[in-house]
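My notes follow in the order in which I looked things up.

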Amino acid sequence: MEKIKEIILSIRANKGINEDFTLTENTSLRDDLGFDSFDLAEFTVKLEAEYGIDIFETGLVENIKDVKDKLNLK
Amino acid sequence: MDFIIDDNRTLSYGELLDCANGESECPTQVCAAELADFAKIFFISAAKSRDIELYEGRAETRPGEAPAIRRSFNCIDDFFGAVKASASKIYLHTSGTTGRAKRICHTIETLARNIRTGEKHSRDVWGFCYAPTHMAGLQVLLQAALNKNACVNLFGKPRQQTYSEISERSITHMSATPTFYRLLLPFERELPKVVRATFGGEKSSPSLYAAVSKIFPNAKITNIYASTEAGALLASDADIFKIPPEMKEFVRVDNGELLIHESLLPHSGGIPISDGFYRTGDMVEFADAEGASFRFVGRTGSFINVGGYKVNPEEVEEAIKNLDGVSNARVFGRKNSVLGNILCADIKLLQNASLSESDVRAALSKTMRQFNIPRVINFVDSIILTGTGKVKRQ
């Protein structure tokens, strides 16, 4: 979860958003984090560099729980 | 009189003549990095009407279709007279910056048609900044040789050596890609003996012309449009090319792509023609309402589809290269499950410059739309170039 949050922080920082936020399994990538498709593309590249898994390769990913499932994280 | 100067190695016009007359051995296959050997094999083969095959990085010669010419040459003018009358077929391979390489057949006549000779050029000293196996390199070698000028090899040399060679060898003429000129930035010192600096091979920009003018304060800056298929075709003073009235019928733009009439191309070999025109693969936009001038915007097939938006990587590279602290940049697409392709950039910074990914993105977002901004940025030590010194995108 720490690593995922770090990646999200870096994506938000690149957009000029520096406020901290609480990350839970229910946090929605689009609605809560405000990610558009370009942010999601960057998110998947950075996760893949870290975990070797492309989370969007097999279907939709809505929230952090979906991300963790795709990455096989508990 | 020296012809080729390459580090500590030289080839004089006298040595070239001796070699042609069989007094020293001439190779039949050379590595193009050895410019003196390359010049020997190229000019002696041409003078004897042998065919020449130019590959990436090497050259080979073999007997031509015409009967072998076994003669000696009285003097260097006699030798270059034979070069100009050569029946050699010269095969070039395109660099394939964005696509598949092609094999194109030229002759000395087609390669030398834009070479200017005469008293005016007799004291020129050339800086050689291209691979010799490519069109632009051959143009410079022919221009220098047919005027018996010295030609100093600068291709692939480090920045400091380039500065000192230009200064110490009194180089007056340079022809190079924008990528090569960018190696001379940031400004270190004036090089006032250079009177002509020609750009070619890639899209360039007014900001680079201005920076290069500062290094070469006495140089006339020109831009040349040439291709492996057609040779040198158009010249301009800046990034806008005017189509001369006499060429208007022979240059056409279709769907943004520049088309050249077959009459401007070499007669034989390897160039696909449709309805009398060759599609260059160069994308242009008109710079005036009458369609009498244009500027280059990129290469067909080099556009990257990012989430349904067509991104011109050369335009993005230009914007990155214009940022303070950037030496060079390469923009490319990578397959991505969300957008189809994600835009990536390799950026080489100038020494002592410090820029972060966020800095680059923030600066680009002032002038570019979101889809044009690379989402993966790597800071690298060097940018991969093609054999002709252009940024390699695939």
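I looked up B:Q29 and found it opposite B:E60 of β5(B). The model is a predicted one. Strand β3 of chain B, residues 29-31, pairs with β5(B) in the antiparallel sense, and I counted three bridges.

Next I looked at β4 of chain B, residues 51-55. β4(B) also pairs with β5(B) in the antiparallel sense, over five bridges. Here B:I52 is the residue opposite B:T61. Two residues lie between β4(B) and β5(B), and the two strands form a hairpin. In the turn, B:G57 has a positive phi of about 85°.

I then followed the side chains along β5(B), residues 58-62. Which of them are buried? B:A59 and B:T61 point to one face and are buried.

Entry on the open sheet. I noted eight strands in chain B with mixed pairing, in the order β2-β1-β9-β8-β10-β11-β12-β13. The edge strands are β2 (9-12) and β13 (231-236) of chain B, each pairing on one side only. From one strand to the next the twist averages 20°. As a reminder to myself, strands of a sheet pair through backbone hydrogen bonds, either parallel or antiparallel.

I checked one pair inside this order. β8 (residues 125-128) and β10 (residues 173-176) of chain B run parallel and are joined by three bridges. B:F128 has B:S175 in β10(B) as its bridge partner.

I also looked for a helix lying on strands. Helix α8 of chain B, residues 206-215, lies across β11 (196-200) and β12 (220-227) of chain B. The helix runs at about 130° to β12(B).

Entry on a helix pair. At what angle do α2 (residues 35-47) and α3 (residues 76-84) of chain B pack? The angle is about 75°, and the axes are 7 Å apart. An angle of 65 to 115 degrees counts as roughly perpendicular, so α2(B) is roughly perpendicular to α3(B). On the α2(B) side, the contact is made by B:F43, B:I44, B:A46 and B:A47. On the α3(B) side, B:F79, B:F80, B:A82 and B:V83 make it. By class I noted eight nonpolar residues in this contact, no polar and no charged ones.

B:C105 is buried, with a relative accessible area of 5%. B:C344 is buried too, at 0%. Both count as buried because their values are under 20%.

How values were computed:
Residues numbered from 1 in each chain as written. Chains lettered and ligands numbered in written order. Predicted model: local features only at pLDDT ≥ 70, side-chain atom pairs only at ≥ 80, totals over all residues. Heavy atoms only, no water. Buried < 20%, exposed > 50% of the residue type's maximum accessible area, 1.4 Å probe, protein only. Pairing = 2+ DSSP bridges. Helix = DSSP H or I, 4+ residues; strand = E, 2+ residues; numbered from the N terminus. Axes fitted to C-alpha atoms, helices over the stretch in contact; angles between N-to-C directions. Contact = heavy atoms within 4.5 Å. Parallel < 35°, antiparallel > 145°, perpendicular 65-115°, else oblique. Nonpolar A, V, L, I, M, F, W, Y, C, P; charged D, E, K, R; others polar.
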